[in-house]
Amino acid sequence: MSARSRDVRRRLLVFAVSGAVLGTALLAGLLDLAPATSAGSDLAGLLVDAAVEQRSPNAVSGVLFDLRATDTLGEALALFAASAGLQLVLRELPGEGRRHEPRRGAPGRSVPATSDAVRAAALALVVPTAVFAVYVTFRGHLSLGGGLQAGALAVTALALVFLAGRYRAQRHFAPDRQLDVLEAVSLGGYVLVGLAGLVVAGAFLTNVLPLGALGELVSSGTILALSFLVAIEAGAAVLLIVAEVQEEPLEREEPA
């Protein structure tokens, strides 16, 4: 048996063992979770009551940005770490150059040209998708939506620009330096909101902002603020990841 075959078998063994452990844990969690989250359970009622107490009709946002806001901060940090790690791995090395004009595709890959119909449809959807992203950002505490979904929609809007064959335009609207700043400021803002709760109310991420009236646009205190910050952080982090993956084959030149 060759060394490569032994390596493959070892990898499959690790995958099988870890997959079995993870699958068992997930199954046990689901079996335990199902009765507790049924519509008539006490937990469901408590979650809704807690969200309404914070003037948020959306119980999901109430959970994400109030009851388990610390977990959401951890998820935002995971996105930040993924973005920073990929930029570190794919950073421009000494001697590497950049092409004046980006390639039309990755070297060694034959990519069919984008049809006019796809270009037109993609460009037509850019503005509605971007507007919907803004809507979801500011309505997440009132109805379906929230920061993570809004960030994904913002990325989709710029992905449509790329799909339409406008790589330069996509890079123009989402420059790396500004995305880096947005990502850092939004994540830092989330931590500052949490520290404000610690200083004012004695607990990290406790609401310290006016709650307003239930159903109004400006209401729910820190739920709206944290959802807004997560929308920026998630969108900026994913756009940076996408930009790094695009830049490597389309713009980089190997050292001479």
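Buried residues make up 33% of the 256 residues in this chain. Buried here means under 20% relative accessible area, with exposed over 50% and partly exposed in between, using a 1.4 Å probe and protein chains only. A word on the source: this is a predicted model, where local features need pLDDT of at least 70 and side-chain atom pairs count only at pLDDT 80 or more, while totals for chains, interfaces and linings use all residues. Residues are numbered from 1 along each chain as its sequence is written, and side-chain values use heavy atoms, with hydrogens and water left out.

Next, the surface. The accessible surface comes to about 15,100 Å² by the Shrake-Rupley method with a 1.4 Å probe. Carbon and sulfur atoms hold 69% of that area.

Now the fold. There are 9 helices and 2 strands, taken as DSSP runs: H or I of at least four residues for helices, E of at least two for strands, numbered from the N terminus. Along the sequence, the pattern reads α-α-α-α-β-α-α-α-α-α-β. The C-alpha atoms fill a box of roughly 65 × 50 × 40 Å along the principal axes.

On contacts, meaning heavy atoms within 4.5 Å: of those with a separation of 6 or more, 74% join residues 24 or more positions apart.

One residue as an example. Which helix holds Asp176? Asp176 lies in helix α8, residues 176-201. Leaving out residues up to four places away in sequence, Asp176 touches Arg171, Leu240, Ala243, Glu244 and Glu247. With Arg171, the side chains make a polar contact at 3.0 Å. That term means a pair of N or O atoms within 3.5 Å; within protein, one must be able to donate a hydrogen and the other to accept it, and residues adjacent in sequence count only if both atoms are side-chain atoms.
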